[in-house]
Amino acid sequence: MTTREFGDIELRQVRENVWEIPESDEMRAPARVLASEALLEQIGQDKTLEQLQNATHLPGISKYAICMPDGHQGYGFPVGGVGATDCEDGCISPGAVGYDINCGVRMMKTNLTYEDLQGKEEELVDALFRAIPSGLGGGGVVKGDMDTIEGILERGMQWALDEGWATEDDLAHCEDEGFRDDAKPEYVSKKAKDRGRNQIGSLGSGNHFLEVQRVTDIYRDDVAEKFGLEEDQIVVLIHCGSRGLGHQTCTDYLRRIEKEHQDLLESLPDRELAAAPAGSKLAEEYYGAMCAAINFAWVNRQLIMYRTRQVFENVFERDWEDMEMDLLYDVAHNIAKKEVHDVDGEERELYVHRKGATRAFPAGRPELPPAYADVGQPVIIPGSMGAGSYVLRGGENSLDLTFGSTAHGAGRLMSRTKAKQEYWGETVQEELREQEKIYVKAQSGATVAEEAPGVYKDVDEVVRVSDELGIGDKVARTFPVCNIKG
DNA sequence: ATGTAC
């Protein structure tokens, strides 16, 4: 039997790409890492495995805590982690959702080809950069009063539809149709709402970006056809989250857990794993507030997409409908959701925490929109600004192996601090432009350095593992053309 | 990720 050791933690290989930390001592379940040997070697370099093992101490944790091939260290719970806890006798953990609630990504298609963009890259990237608010702090597409923010939190994409920012078709191409009915805006603090209302329709900073890409490879012709993807096609990827509103909501509830559930907190190996017991008032309030923040993030991405359509209309002098700028799908990367899954032959309602992980439901799951019901949902996995991204489809094995989930990106390889020592933003931009014809425009050079292609794991390897495991199957690959970021 | 700090 192959084993690998990292510090105190020993993993045994279950089979190709599947590693297990056996249940012992205080653990309530085993933990699993889904990775090739090369990726496991990288995952083992920081606190990811320790955090994954800690996650198995959460009350009601079902089957096993799971680390995806792009996993790395996070706040309390690994980024690239999936933990499903029982809704009856388990718990819900803000740290296992993430600070950036419903950080996620959407892909918008066009009927333009790479040739149509030749010579216009600079004009396009400049126009996008001007039109789309980005960077730290305030300023959004919409200046929201309190009624606006309440509407967004309560109704998500339905608010955007009512206000003329979205079409019915946009809603039909979002996870949960862009709307969590369980949202309870009254459980989002005034402070969080005040932070959010000046940031409605804004990209933010860090790893968030908007990227114009071209499709370079198709791996499954039949699925690509259903998704409406073909070689040389231009697509747009929008990656951002719930800005200060989600961050404040996470902070608020971590503090309240510390005050109101000391007992549970002290039973956990890491304070950052703080969780509210299922059935408690606080668990209900956090779930309602988190769902409201999820709605906010969907509207955020929608307003950015709206502006992107306008920019394309100006640059190409055609209507967006004529350019068929339709949404492929919008997927969440940082959420918890009540879902029913099979646990030891029994159907259980679970809080599925996906933190830096994407839902990857296969054909047949009732949650899928009609367009994808018989093919599986699109899964969008952004790589770095120099590497390109992937579109997958939910794999047949995901329900058995990962509560219907797969990876969410390339996954960081080094800290932001280390990245800034290794790279200089302007140099990164020049190299991308001269060597790869990728046009990057950013508010801050430091952000470009922090996000340099070299700070990420190999997205091809991450996706290869997902495909081999059958949790998310490769459909298409894209390569960057223009990128704007904070 | 984040008005990068209780």
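Contact here means heavy atoms within 4.5 Å. Keep that in mind for the next couple of minutes.

Let's start with the annotation. The unreviewed UniProt entry marks a "binding site" covering Asp-100 and His-208. The lining of the largest pocket includes Asp-100 and His-208.

Take Asp-100. It sits in a loop, between β7 (91-92) and β8 (104-113). Is Asp-100 buried or exposed? The relative accessible area of Asp-100 is 18%. The cut-off for buried is under 20%, so Asp-100 counts as buried.

Who touches it? Set aside the neighbours within four places in sequence. Asp-100 is then in contact with His-208, Gly-241, Ser-242, Arg-243 and Asn-334. Note that His-208, the other annotated residue, is among those contacts of Asp-100.

Now His-208. This residue is also in a loop, the one between α8 (190-197) and β9 (209-218). His-208 has a relative accessibility of 8%, so it is buried too.

On to its surroundings. Again leaving out neighbours within four places in sequence, His-208 is in contact with Asp-100, Cys-103, Leu-203, His-239, Cys-240, Gly-241, Lys-485 and Gly-486. Gly-241 contacts His-208, and Gly-241 is in the Asp-100 list as well.

Which atom of Leu-203 lies 3.4 Å from a polar atom of the His-208 side chain? The backbone oxygen of Leu-203 does.

To wrap up: Asp-100 and His-208 are annotated together in UniProt, and they are in contact in this predicted model.

Technical notes: Residues are numbered from 1 along each chain as its sequence is written. Chains are lettered from A and ligands numbered from 1 in the order in which they are written. This is a predicted model: local features need pLDDT of at least 70, side-chain atom pairs count only at pLDDT 80 or more; totals for chains, interfaces and linings use all residues. Side-chain values use heavy atoms; hydrogens and water are left out. UniProt positions are given in the numbering used here, feature names are shortened, and annotations may be inferred rather than shown by experiment. On a 1 Å grid over the protein atoms alone, a cavity is a set of points where a 1.4 Å probe fits but cannot get out, and a pocket is an open set with protein on both sides within 12 Å along at least five of seven lines; lining residues have an atom within 4 Å of a point. Helices (H or I, at least four residues) and strands (E, at least two) are DSSP runs, numbered from the N terminus. Buried means under 20% relative accessible area, exposed over 50%, partly exposed in between (1.4 Å probe, protein chains only). A polar contact is a pair of N or O atoms within 3.5 Å; within protein, one must be able to donate a hydrogen and the other to accept it, and residues adjacent in sequence count only if both atoms are side-chain atoms.
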